[in-house]
Amino acid sequence: MVEENLRLKKKKATRRELSEAAFQLAVERGIDNFVVEDIVNKAGYSRRTFANYFSCKEEAIASSLTIEDYQRRDEDRELEGLSPLSTIELLIERSFTIEKLKRLHQLFSLSRSHPPLKLYVTGVIKEIQDDARKQTSEDYGSEYPDAYYHLLIGAVFGAIMPILDGSINVPLPAGESESKHNREFSEYMKTVFSKLREGFH
């Protein structure tokens with residue numbers, strides 16, 4: 001069992017290192033200016049190892065946004081007693097850190113100049129949404145109809161994605177906690193959840 005856990009950890013670490021190398025190369029050079037060979041050289045693995053995890057460089061780049069970054073941790077026991085919407089609000093507040101928002105924004109930007117990447121980025125976002133819906137549904141079960149969780153998660157992510165793809169002009173948070181950008185983003189998210197509360201009871 002211990003050996004199996006270590007093997008799984010090693011696999012996750014290898015996948016993460018390859019995807020991180022791919023993402024960094026995409027940011028530094030542009031997607032069209034590097035190949036898989038560059039990724040494996042940067043990460044320190046073989047091309048065969050890359051093929052065990054990814055079908056192409058676009059999949060590796062998109063996978064730098066890993067679902068594990070957004071999954072709930074054991075310390076979230078204080079979420080007990082909250083409504084599904086309040087639970088999601090708190091989890092998003094914790095999960096969508098400045099660095100993760102910045103990465104999401106970079107991936108959307110890269111997708112605009114390289115359309116094949118968009119398919120894989122969309123796939124990762126859907127995984128995150130599906131996992132959030134599954135976790136929420138498991139927590140609240142039959143208290144709400146199954147369609148409620150789909151609508152709720154879809155509405156929340158539907159409000160966040162236009163910021164990341166540049167469809168609406170709400171600046172992403174910056175590093176300084178009291179910056180104007182941080183306040184604008186925070187106010188936008190408060191408005192989103194306030195409006196959702198009016199419709200989701």
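## Basis and confidence

The model is predicted, so local features require a pLDDT of at least 70 and side-chain atom pairs a pLDDT of 80 or more, whereas totals for chains, interfaces and linings use all residues. Residues are numbered from 1 along each chain as its sequence is written, and side-chain values use heavy atoms, with hydrogens and water left out.

The mean pLDDT of the chain (the predictor's confidence in each residue, from 0 to 100) is 86, and 88% of the residues score at least 70. Among the elements, helix α2 (residues 36-43) has the highest mean pLDDT, 98, and helix α5 (residues 84-95) the lowest, 82.

## Overall architecture

The chain contains 9 helices and 0 strands, in the sequence order α-α-α-α-α-α-α-α-α. These elements are DSSP runs numbered from the N terminus (helices: H or I, at least four residues; strands: E, at least two).

Of the 201 residues, 42% are buried (buried means under 20% relative accessible area, exposed over 50%, and partly exposed in between, with a 1.4 Å probe and protein chains only). The accessible surface amounts to about 11700 Å², and carbon and sulfur atoms contribute 51% of it; areas come from the Shrake-Rupley method with a 1.4 Å probe, and for residues only the protein chains shown count as cover. Among contacts (heavy atoms within 4.5 Å) with a separation of 6 or more, 65% join residues 24 or more positions apart.

## Packing of α6 and α8

Helix α6 (residues 98-113) packs against helix α8 (residues 146-164) at an angle of about 65°, and their axes lie 9 Å apart. Axes are lines fitted to C-alpha atoms, for helices over the stretch in contact, and angles run from 0 to 180 degrees between N-to-C directions. The two helices are therefore roughly perpendicular (65 to 115 degrees; under 35 is roughly parallel, over 145 roughly antiparallel, and the rest oblique).

On the α6 side, Leu101, Leu104, His105 and Phe108 meet Met161, Ile163 and Leu164 of α8. By class, this contact has 6 nonpolar, 1 polar and no charged residues (nonpolar: Ala, Val, Leu, Ile, Met, Phe, Trp, Tyr, Cys and Pro; charged: Asp, Glu, Lys and Arg; polar: the others, Gly among them).

Ala21 belongs to helix α1 (residues 2-29) and is buried, with a relative accessible area of 5%. Beyond residues up to four places away in sequence, Ala21 touches Ile39, Lys42 and Ala43. Ala43 is 22 residues from Ala21 in sequence, with a C-alpha to C-alpha distance of 5.7 Å.

Glu184 lies in helix α9 (residues 180-199) and is partly exposed, at a relative accessible area of 32%. With residues up to four places away again not counted, Glu184 touches Val170 and Pro171. Pro173 is 11 residues from Glu184 in sequence and 7.9 Å from it in space, C-alpha to C-alpha.
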